[in-house]
Amino acid sequence: QVQLVESGGGLVQPGESLRLSCAASGSIFSIYAMGWYRQAPGKQRELVATITSGGSTNYADSVKGRFTISRDNAKNTVYLQMNSLKSEDTAVYYCNADLMSRRFTRNDYWGQGTQVTVSS
């Protein structure tokens, strides 16, 4: 069994920063890509940023230059540093991992989500 546990969400004012963390644990053989997605009320879930095991990154246009994704492969952890936050960044943020379990099955796994609210 695999678990993804997110932390770091909260309420901040516009222009402030937050750092999200997501740790994967359990029956993991290898993790390929990890990423962050978000879902605002009444909207579909959207990609925020992804990072491969080799460190290649991809960002949504709306967060380029403000958000930075990184990962610690030794800790099976992915981070999202969010700077210059805007009200439109308000959403539930979900961690995702594309991984191979120790049973050699490959699947996508999701965290439970963490709320980020940007408001004055």
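Here is a short tour of the nonpolar core and the disulfide.

Some ground rules: this is a predicted model, where local features need pLDDT of at least 70, side-chain atom pairs count only at pLDDT 80 or more, and totals for chains, interfaces and linings use all residues. Residues are numbered from 1 along each chain as its sequence is written, and side-chain values use heavy atoms, with hydrogens and water left out.

**Stop one: the core.** Select Trp 36, Leu 80, Met 82 and Tyr 93, which touch the most other members of the 30-residue largest nonpolar core. Such a core is a set of buried Ala, Val, Leu, Ile, Met, Phe, Trp, Tyr and Cys residues joined through side-chain atoms within 4.5 Å. Buried is under 20% relative accessible area, with a 1.4 Å probe and protein chains only. Now color the strands (DSSP runs of E, at least two residues, numbered from the N terminus): those supplying at least two core residues each include E3 (18–26), E4 (28–39) and E8 (77–82). E9 gives the most, with five residues.

**Stop two: Leu 80.** Show its contacts (heavy atoms within 4.5 Å). Leaving out residues up to four places away in sequence, Leu 80 touches, among others, Leu 20, Trp 36, Val 48, Phe 67, Ile 69 and Tyr 93.

**Stop three: the disulfide.** Which cysteines form a disulfide? Pick Cys 22 and Cys 95: their sulfur atoms sit 2.1 Å apart, and the cut-off is 2.5 Å. The link is left-handed, with -80° about the S-S bond. Cys 22 lies in E3 and Cys 95 in E9, so the pair ties together parts 73 residues apart in sequence. Cys 22 is buried at 0% relative accessible area, and Cys 95 is buried at 0% too.

Technical notes
Buried means under 20% relative accessible area, exposed over 50%, partly exposed in between (1.4 Å probe, protein chains only). Helices (H or I, at least four residues) and strands (E, at least two) are DSSP runs, numbered from the N terminus.
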